[in-house]
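These are my notebook entries on one protein chain. I set down what I looked up, in the order in which I looked.

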Amino acid sequence: MMNEITKYKKALIENNIEIAIKTGKQNNITVVDIDTKDKDKVNKVLKALNLNSLDETTCVETNKGYHLYFKYNENAKQTTNLRPDIFGLKTIDIRNDGGII
């Protein structure tokens, strides 16, 4: 099994192919996409959204910041550029029903 996974991973990298995941109820995940690596700013956003801190959240570090994975929250609306006036960041997106990450 591991040889198969390694083979597919190598093929994806060599062919510059990326994989997307559908977010929302369909896969039971809500994702916050934050394009900063400043952990204090990330935690400020999470606190304002009543979500766990960065240390308590399943996350993937991206080139620009983090994708933070949460159990599906039907009240979270899919957004782009969430409240730059409050958070001082123009690149906070919530991916939920109908979204991909």
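Entry 1. Are the faces of S1 covered or uncovered, and which residues lie on each side? I found both faces covered, with Ile 29, Val 31 and Asp 33 buried on one side and Thr 30, Val 32 and Ile 34 buried on the other. Buried means under 20% relative accessible area, exposed means over 50%, and partly exposed lies in between, with a 1.4 Å probe and protein chains only. In a regular strand the side chains alternate between the two faces of the sheet. Six of the six residues of S1 are buried, so I describe S1 as largely enclosed by the rest of the structure.

Entry 2. I record the basis of these notes: the model is predicted, local features need pLDDT of at least 70, side-chain atom pairs count only at pLDDT 80 or more, and totals for chains, interfaces and linings use all residues. Residues are numbered from 1 along each chain as its sequence is written, and side-chain values use heavy atoms, with hydrogens and water left out.

Entry 3. I then looked up the whole chain. It has three helices and four strands, in the order α-β-α-β-β-α-β from the N terminus. Helices (H or I, at least four residues) and strands (E, at least two) are DSSP runs, numbered from the N terminus. Of the 101 residues in the chain, 32% are buried. The C-alpha atoms fill a box of roughly 45 × 30 × 25 Å, taken along the principal axes.

Entry 4. I looked up the partners of S1. S1 pairs with S3 in the antiparallel sense over six bridges, and Ile 29 stands opposite Lys 71 in S3. Two strands pair if DSSP finds at least two bridges between them. S1 is also joined to S4 (residues 92–95) by four bridges, again antiparallel; there Asp 33 has Asp 93 as its bridge partner.

Entry 5. I next examined Thr 36, in the loop between strand S1 (29–34) and helix H2 (39–48). Thr 36 is buried, with a relative accessible area of 13%. A polar atom of its side chain lies 3.2 Å from the backbone nitrogen of Asp 38. Leaving aside neighbours within four places in sequence, Thr 36 is in contact (heavy atoms within 4.5 Å) with residues including Lys 41, Lys 64, Tyr 66 and Leu 89.

Entry 6. Which residues line the largest pocket? I noted Ile 17, Glu 18, Ile 19, Ile 21, Val 60, Glu 61, Thr 62, Asn 63, His 67, Tyr 69 and Ile 101. On a 1 Å grid over the protein atoms alone, a pocket is an open set of points where a 1.4 Å probe fits, with protein on both sides within 12 Å along at least five of seven lines; lining residues have an atom within 4 Å of a point. Strands S2 (58–61) and S3 (66–71) each supply at least two residues of this lining. The volume of the largest pocket is about 330 Å³, where a volume is the space filled by probe spheres set on the grid points, joined across faces, edges and corners.

Entry 7. Last, I looked up two backbone angles. Asn 28, in the loop between helix H1 (2–14) and S1, has a positive phi near 60°. Asn 50, in the loop between H2 and S2, also has a positive phi near 60°. Most residues other than glycine have a negative phi. Asn 28 is partly exposed at 40% relative accessibility, whereas Asn 50 is exposed at 71%.

Conventions. A polar contact is a pair of N or O atoms within 3.5 Å; within protein, one must be able to donate a hydrogen and the other to accept it, and residues adjacent in sequence count only if both atoms are side-chain atoms.
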